[in-house]
Structure formats: structure tokens, C-alpha cells
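Q: I'm new to reading protein structures. Could you walk me through one?

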Amino acid sequence: MDGLAALITLVAFATSVISAVLGIAGGMILMGVYAIALPVQVAMVLHGVTQAFANGFRAYFLRERIYTAGLLWYALGAALAVAFFTWLALVVAGPVLFLLLGGVPLTLSLLPRRFAPRFEKRVAATACGVLVTAAHLLAGVSGPLLDVFFVRAELDRFEVIATKAVTQTAGHALKILYFGFLVPGAELERELPLWLYPALVACAYLGTKAGGRILESLTDASFRRWTGRVVIALSLLYVWRGATGLGLPAPW
């Protein structure tokens, strides 16, 4: 178990760096590793802890660049999603989780840029809260879906990273609440060493600091280009993993 915990700690640091640079993708990698190593419900809670702190630190470091106008409407949508899923009390199986992790980003990548909603609009921000929170509770991550609401936003890369970090911090906190307390009969089926939790917080902090320095060296164009490439590659890998887990032929 200590070996597994050490691996989780190393992956948490590496993915915190990636998230600090790209704003997404780090959480997708981390969720994939947790879903392989742990039961779904345990993976969701542990992923929530790691990512809530990683995004929280990122939001704090870039607090002056946060676009605050749409956050209240986002919170309204998130509250509606949590209420609905609490009533539903749903926990998906592992292979389905991987299909969602990969399928949602791939589907969204086909959406023409001109049709992408803008986070600056109240209706779009509310819809963002509903859909992104639903993705958190179904797949554990929502970065590619969240990115759809920012692809046409008139914000620079620092404003995009900072604002997304706020929404992601809230989303992962809600995920901890849902899978740790609100789902009937929720139990952490596998005990992990207590030192792991402060270690994950430290990794989130150090990884976010390191990634922030890399972000400063990128241009807005290279930032958006690499974000898209990494997400598509991960999505294809997760669809393959989910399809084979269900005994289905991979779609390529």
C-alpha cells in the first residue's frame, strides 16, 4: 500500500505541473491513474482532494486575473446539478468512467468554434455550471468541457487559467461532498496511509508553483495549441481503455 501511495504522490505532483501550464489535462491523467489503482468511489474522493488544492493554489496565485462576472451564475448552475445528482445517487462503473473521460472531450472537439458558448454571458455561465458539475460527478473531470466555454472568451491565457481554476476548485469540492457524504452507503473501501493526504497538498502546491513558471514562457497561441493536442491524445487512450474494459472493440 505504501508503494501505491508513493506512486499516487509522484503522479499528483506531475499532473499539478501540467494543470498549471495548460489549465486542463493534468486532472484527466490523474483521474485515469486513480481509476486504474482504486475503486471508483475512492478514486473520485482522492482525485477531488488533490485537484481541489491544486486548483485552489492556482486560483490564489493568479487571483488578480480572475474574471469574476460569471462566477455567481456558474455557482447557480453547479447547485442545480448537485441537487439533481444527489437525488439520482449515481456512481458509474470503471469502464464507463473511462468512456466518459475520453468520449466527452472527443465529442466536444467536433463542435465548431463559432458555436462555442462564451463564459461572459449569464446563460452560458449557468449552463457551464450545470454541465461541468455533472461531468465532475459522472467522470471525475470536466476540463475539456469547461474549455468549450472559454475557447471564444475574450480573455488572455492568465485570465483563462485563473477563472477556470476557481470553477474547478468548487467542482472538486462538490465531488468530495457527493462521493464522500451524499451518495447513500458511501464508504472508502480501501484505507490509505494518513501521510498521503498532506503529501498530496504539498505536491499540489509545489507542482502549481513550478507549472506557473512554465506558463509565463508560453504565448497565447502555443498555450491553446498544446492544450488541444494533449487532450485529444488522452481522450483516445481513455476511449480505448473503456471499450476494452467493456469487451467492446476499440473504435479504430
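Q: How many residues does α2 have, and how far does α2 reach from its first C-alpha to its last?

A: Keep in mind that this is a predicted model. Here α2 has 12 residues and spans 17 Å between its first and last C-alpha. That is close to the 16 Å expected at 1.5 Å a residue.

Q: Which residues in α2 are buried?

A: A general idea to start: an α-helix has 3.6 residues a turn, so residues three or four places apart point the same way. In α2, the buried residues include Gly27, Leu30, Met31, Tyr34 and Ala35.

Q: Which residues touch the most other members of the largest nonpolar core?

A: In soluble globular proteins, nonpolar side chains tend to be buried together. The largest nonpolar core here has 36 residues, and Ile8, Met31, Tyr34, Leu38, Leu46, Leu97 and Leu101 touch the most other members. Among the elements giving two or more residues to this core are α1, α2, α3 and α9. The top contributor is α3, with 6 residues. There's also a second, separate core of 17 residues, which includes Phe119 and Leu145.

Q: How do the axes of α3 and α9 cross?

A: Two packed helices are described by the angle between their axes and the distance between the axes. For α3 and α9, the axes come within 9 Å and cross at roughly 35 degrees, and the crossing is right-handed.

Q: What residues meet where α3 contacts α9?

A: From α3, they include Leu46, Phe53 and Phe57, and from α9, Leu200, Val201 and Ala204 are among them. By type, the residues of this contact are 11 nonpolar, 2 polar and 2 charged.

Technical notes: Residues are numbered from 1 along each chain as its sequence is written. This is a predicted model: local features need pLDDT of at least 70, side-chain atom pairs count only at pLDDT 80 or more; totals for chains, interfaces and linings use all residues. Side-chain values use heavy atoms; hydrogens and water are left out. A nonpolar core is a set of buried Ala, Val, Leu, Ile, Met, Phe, Trp, Tyr and Cys residues joined through side-chain atoms within 4.5 Å. Buried means under 20% relative accessible area, exposed over 50%, partly exposed in between (1.4 Å probe, protein chains only). Helices (H or I, at least four residues) and strands (E, at least two) are DSSP runs, numbered from the N terminus. Axes are lines fitted to C-alpha atoms, for helices over the stretch in contact, and angles run from 0 to 180 degrees between N-to-C directions. A crossing is left-handed if the near helix is turned anticlockwise from the far one by less than a right angle, and right-handed if clockwise. Contact means heavy atoms within 4.5 Å. Ala, Val, Leu, Ile, Met, Phe, Trp, Tyr, Cys and Pro count as nonpolar, Asp, Glu, Lys and Arg as charged, and the others, Gly among them, as polar. The expected span of a helix is 1.5 Å times one less than its number of residues.
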